[in-house]
Structure formats: structure tokens, C-alpha cells
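Here's a quick tour of the model, taking in one place where chains meet and then the build of a single chain.

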Amino acid sequence: MIEIRIHGRGGQGNVVAAYLLASAAFEEGCYAQAFPNFGAERRGAPVTAYVRIADRPIRRRCEVREPAFLIVQDDTLLHLPNITAGLQAGGAVLVNSNRDGDELAAQLECRVVALAASALALEVLGRPMPNTALLSAFLELTGLLPRTALIKALSGRFHGVVLDNNRRLVEQAAAAVNTGVWQEDTHAVRA
Amino acid sequence: MQYALEGSQALARTVALCRPQVIAAYPITPQTHIVENLSKLVADGALNCELVSVESEFSAASVVLGAVAAGARAYTASSSQGILLMSEVLFNIAGLRLPLVMTCANRAVSGPLSIWNDQQDSMAVRDAGWIQLYCANNQEAVDTTIQAYHIAEQTELPVMVCVDGFTLTHTLEVLDIPDQQQVDRFLPPFNFERRLDPSSPISIGTLVAPDYFTEARYDHHRAVNDAQQSIVAAAAAWEDVCGRRQNPLICVSDRQGARIGIMTLGSIAGTLAAARDHYNNAPATRLMALRSFRPFPAEAIRQACAGLTDLVVMERALSPGSGGIVGAEVRATLSEMNDAPRVHNFTVGLGGRDVPMDIYPRIHEGLRTGSGIPFGVLDLEPDKLPAAG
Amino acid sequence: MSHRELRQNQPRFSGLESGHRACQGCGEALAARLVTEAAGPDVVYANATGCLEVFTTAWPDSSWRVPWIHSLFENAPAVAAGMEAALKSRGKTTRVISMGGDGSTFDIGFQALSGMLERGHNVLHVCFDNEAYMNTGIQRSSSTPHAAVTTTSPSGKERMGKRHLKKDIVSIVAAHHIPYAATTSVAYPSDIRKKVRRALAIDGPTFLHVHSPCPLGWGHDGALSIEVARLAVQTGLFPIIELERGRLAGSMPIRTVHPVTDYLQLQNRFRHLFVDDARAREELEHLQALADHNIEVYNLRGTRPDNRDSEGADTVRRGGLRWA
């Protein structure tokens, strides 16, 4: 089973990101679970969401305390003291940021890939909604699921021009990161 | 057919499949997505029913009371404060023997204010005379909702389907949603014999003096007790239709040589099952998820606990000044057994506190120290308590 | 001392401190701050469940510098009535203000409000009206305007948003024969302050209905909240009026009336009305008719000079001639 924790701020599509990832896993025949950690829901407030993907039914329903991967939708959240709490040894973090990944890796003391997802989304979608780009990059880095699964999940939620733009964003985001850099860790965790 | 759905979304689709004729909608966290999804189905013409957007939960319950009395299959959902605001009406609906199904998206009760999951709300109305069924996961919530209409209309009692708020309602997972034909086969159209009808007028809700009240109340009590049979039958019948194993009164998962049992209600059952496999050095433990709390299935509970030396009742509410609610009832019923297990009673996860996997070794530790006799809050953090006076 | 320094040196009571968790551009947060400023420190508050109490009091913090209680969603006016009775019995002059959104005022707490008004308690009830149940995620209330989209009044093949009209709360309240009931808007902060002081100077039940945009729920940028609120007034959809003992005592004239489309097109909740659809056109006509009706009934055309009119307030914002 793979456990992923997604950090963001209200209004950045954090929960939708979690649901999309789980839906994509479902499209590939996996069992999946996704849920938010609700605080007082306000635009801009920190929001956390959790995703579990497995090839067996998932029975536990507690919060993810030892994620294999983190996706951080807003780099201002990196100031939060516990943002990487519980990250498994060898775990990795994908951050939506214009900053340099190596710089962030040194700051967080773990493997980090940075992607300017909001900027990319602004260009392709017309809105700085980073979730689709981050998910696509995540799948490209881990090889966890094929891009087609994410696209299928997206077509369950979006239609017409919005869906087309999201497809393009998926391709562009995948091209913006190195393929399979985290693939070994993904397999190790899935065992 | 299988879908990846949020719990609330699945419930909304399931309710729509049951062909309700009147739905009363009033929003309260964490039930909101259920009524929103139903509103969207109506707005798109996919659900043909009267959707009444009421001005309070008190009115929501009153509207569905009226709807059922006038012969329509009805639905509403609420949580926490809403359940309490409508509590007067809940007693009324049950006492008047009106068949109705309601989702309670379990949430803690103010004060202090909390929007997060525990079961204080449904526990607070356990004496209202409703059937109460607790769902351990979203698939069970889907299947139970459908069975609930069957049970309600057969027993002429209202059924509260309890689904942990956020933990289940806001979790997306892979679920099987039955198709319309399956549900139609299982649920015939609602034909309420005691409905208000000018062609054969009756009076509902009359004043009953002491000379008859006792019998009326006893008849109600007997009906809720006897509903155990309907609950079991509905589970078996639905299992035939959908092909999925259904749990009627209590779900027991045993282990070879288990002398310790843990009983709980609702979604923490899943975490406990995963934890039992994970902490495989712990003593063999029998896990039980209680589905029917009202009627209280005394005999089924005694059978499920046979052979145990210790039973831990883990619940999600408490009665201030007394302790556990489920624990007290279970302890009382087991005391009638020969060689009754020692009952340890804990509450956990109040106000939505996360119940992690390591609760499992902590339960076993609590067993050893006896901190659950008579009652303990297993996940209490004493350093957060105000200084003792 | 310059004008600016003079203004900065004015003692200004701050009842609601910053650091709370409201969304950017929240009309309700602004309105609540203005109300507490104008009311001063000698007040106790009863606050209904809703956005305001949630974003100001995440335990262990609170943004309130005034005595404040939150009980339930439906009982703030009743709780306020109890506090008023208690203070009276103890011989105190401390005032009581009851606060709630449209959900609690128009719907679930309507009974409690009516009771408080009818019994003549010396309480000011302030309704922060963002036209839906926002705290629970944008569901319709009886204050939601006709044809507005919410999650429980969505648009679709069969529906064009909320089917029913916005409840005329201030008229219903005024029908309780209370001494003072008024509407106001966050686009006119001076008006809010003035009306709060006016209400508190009156002995008996008073009511203030404050139109407060919700960027998230109405679907506009937080930076546009004031402009949206102002257009609601300048189209006639939200008339600024004062009622004494049920009779119209004053209104804010609109110097330049805007068509309702100027207001509606800024908000996503009305986006479905701007498609090429006969039903959409019909709804726009309905809304224009509602606005025209208000202008007529409340005599809102501003042909006479009035130093409180909606254009005058615009002039203030631009640092113009009248008020500089």
C-alpha cells in the first residue's frame, strides 16, 4: 500500500487532487481511498488530504502518519514545522514552487522535486490551480500509474474546453520533470 | 457497478435509487454533500421528487413526518445539532409508527462546538424509538440505506442509518452502486396502509390517557425488539439481490484461540481490522462490529462474546457523570451469561480525534492495566486538562 | 496636525481584532468590525453559529475584545433577550447586540428573533446577509436572491437557480412595530456606523440588515467585494432604507441607477443567466422588475440633493470634492 499526503491551502483544489489521484488508481483497477483533514474551511487556510492506493481492499481509516510521498501545493507551507513529519526514510516531496529543487531539498533534508505548477496552470488553464500539474508530475516521477488513468479521472470531472486544457497541462507537466526518478521507491513501498 | 465515489455522493445516488417522493433538505456539516448531490439530481431532472428546502432541521423532520403520513416515501439527513433540534419530532415520528429513513452523519455535539466525528448525536436520541444501524464503511452505508427502506416499511418504524461524518461521508473509495432494477426488485412501491386519505379518514396523534398509554408504549417497544427479525431478513434478501455478504445485527471476525474481544460501532472497525493484522504479536483477538444498536440485539451479543475472558467495548460517545453508553448496556446484557467476560469500556476519538493504528496495542495495554473498568477515555492526553482544583 | 494625523489619533474602539481566519474580501468580517467599533466597549454580544463565530474563535484564540457568547444556530436573539433581562435585573446599562447571518436570522432562528422583537427587549439584532448558508458550503437560505445558484439551488436542465424570492426580512421585522429597522451595506461604512449608533440610542428592539458579499459564495474576486456591494444598492436590488414603527422614515437615493446586469455579471452565481437561453432572459427580466419595484416603492431615485447618497459615497472613495 502506498500512502501519500497532500498539503495545500483552501482554494487550491487540495481535496480534488486527492480524489483525482484515488480515482486514477481506481481506473487502473487498484483499491484507493482519499479524504481530507478538515479544519475550519477558509480560502487560504492550510488543508491536508490523504491518499492510499493498494491492490487489496483498504480497511484502515486513520490519518496518514508515515507517507511515502508528500505533495505540497503551496511552498509557503514549507515554513510549517511539521510539514514533513512522518515522511518515510527515502521518501520524497514534490513541491509547487518557482524555487530550485536542490535548494529545497537541502532545507527539508529529503529528496525534493520542485515544479512551478501554478505558473504552468495559469498559462494553460488560465487559472493558477496547481493540482492537475502536480498530479501529472507525481505520476511521471513515480511511475505509479499511467497518465491515461489521470486523464480518465479528469474526464469524470471536467468536460469540453476545460478538459482539453487539463489534458494539455497533464502532458506539459509530465514533460517538465524527470521520468521515473522515484520509481524504485514506489516499488519498494508497494511491496 | 463499481465507481470511485465520495461517501456522500454514493449515499445520494443510493437514496435516489430508492425512489423517494419527498426529500427535506437542510444543510449541516458533514451531511451537506448528501443534500447537495440530491439537489443536483433534481435540478438535472434525474430524480423526480419533491425537494423541500426547509428552514431548520426541526422543520426537515416535520416535513418528512407529514410526507409519510400522507403516504409518500420520504428521506432526510442530519447530524449533531440538527439531530438534537429535531429530537422532539424524532420521538413523535417513532411513536406514531411512521416508516422513514434518515441518514445521521455522526458528529460531536456542542458545547463546545465541534464539526468532527463522534457518535454523541445518535446516542443522544437512542430512546426516541427509532431503529439505529451503524455502518462500518461506505459500502455498508449504501447497502444499509436500501435495506432500511425495506425494514422501515415492513415494521412501520423509522430507521436511522448512522454513518461517521467526514471519516465516511467525505472519504472517496471504490464502491459498488446497485442498478435501478436491483433496487426496484428489492423495494416495492411504498403503500402505507395508515396514510391520511379522505376515502378512509383516520386521526393520527391523538391524546392517550393513562388507561392506554402503557400498552401503546409497550407495543412500540415490542415492535422495535421484533424488528431484529426484519433486519436479519432484509440483510439476507439483499444479499441475494446484490451478491455481497451483508451483516445483519453484529459482524464477528474471530481468530483461532481468541479469548479477548473488541467490540465497536462504525468506521473504526476498519482500522482495528487492519491493526490486528499489522500487530500480529498481540494476543489473538476477536473483532466485533455492532451494526444494530436499536433494537439492542442482546442474544446476538451474548453469542458473539461466548468463550471470551475479556471484552473491550470501544465507543465514540459518553454520558457525562456516568461513562460509556454502549458499554453499560453490553455489560448489563453479558452479566446474564455464565462465565461472562470482564467488560472493559473505553471511548475513543471524541470530537473527531484521529484513531490511529497504534490504538490496537494501547487497547491491549489498557486491558492489562484495567483502565477500562469501569470506564476510561483511551486517547486522553492528561497534560491538556485544566489543573485540578 | 494634518488631516491624516488627526484621523489616526482619533480614539477608535476595536472590538474585533485582526488575525482571524476570514476569507480574503469577506464582507461579513468588515461589517462585524464596523459594528463593534461603532457600538463601543460597553456591549455584550450573542453570536449565532455561522462563518463569523467560526473564523473568529478557533480555540484557544479569539478575535473578540468584547464579551461574547456563541450558543447555537437558532437561538442568538433568545440568548440576547436573556442577557438583556439579566443586565436589566442587575441594574446595568451595558447594551446587548445579537448577531447572525441570513441563515440564522431569516430561517432557523426566525422564531427566536420574532419573539425577542415582540416582547420589546432592548436588543439590537444585526443580520450579516451574505445570502446563503456559507459556513456549511454555500447552500440556499430564504435570503438567497431569486435565480441565484447555490449548491442546493443549482442550475440544470430543470432549474434556473433558486426558484423563490428573497424574503423581505426588514418588512417582516418592521411589522413587529419596533422603533427602528434599517438596511445598510458594507459599501457604505459610514452608513453602518451611523445606523448602529442610532439603533443603540433607541430604547427597545432594533434591527440592522447588512448586505455583506461573500467572494467564495457569490463567485467574484475578494478585491471586488465593495464594488459588488455598491452595485447591489445602485441597481435597486438592495435598497438602503430605514423604517420606524413599520413606516418608511428614510432611504438612500441612487443618483445614477444601474441596470441589474451590471451587478449580476460580476458574480459566478448568476453566470447561468448570461447564456443564450429564453429562460435566462426571462430571469434577467424578473430581476430587473424586482429592482424597478424597489426603486418605485422606496422612492430611490436621487434627483434631490442628499449628502448621504450612493454617489456621494463614491466621491468619498475617490477623494473627491464633497468630503475632502
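Two strands count as paired if DSSP finds at least two bridges between them. Keep in mind that this is a predicted model.

With that cut-off in hand, look at where chains A and B meet. Strand 2 of chain A pairs with strand 8 (residues 172-176) of chain B, running antiparallel over 2 bridges. Within that stretch, Q33(A) sits opposite E173(B), which belongs to strand 8 of chain B.

Zooming out a bit, 17 residues of chain A are in contact with 18 residues of chain B. On the chain A side, the elements that put in two or more residues are helix 1 (14-27) and strand 2 (31-37). Strand 2 of chain A gives the most, with 6 residues. What does that side look like by class? It has 10 nonpolar, 2 polar and 5 charged residues.

Now over to chain C.

| Property of chain C | Value |
|---|---|
| Box filled by the C-alpha atoms, along the principal axes | roughly 65 × 50 × 40 Å |
| Buried residues | 54% of the 324 residues |
| Contacts between residues 24 or more positions apart | 69% of the contacts with a separation of 6 or more |

How does the radius of gyration fit in? A compact globule with 324 residues would come out near 20 Å, and chain C has 19 Å, so the two agree.

Methods: Residues numbered from 1 in each chain as written. Chains lettered and ligands numbered in written order. Predicted model: local features only at pLDDT ≥ 70, side-chain atom pairs only at ≥ 80, totals over all residues. Contact = placed C-beta atoms within 7 Å. Helix = DSSP H or I, 4+ residues; strand = E, 2+ residues; numbered from the N terminus. Nonpolar A, V, L, I, M, F, W, Y, C, P; charged D, E, K, R; others polar. Rg over C-alpha atoms; globule rule 2.2 N^0.38 Å. Buried ≥ 20, exposed ≤ 12 C-beta atoms within 10 Å, placed from the backbone.
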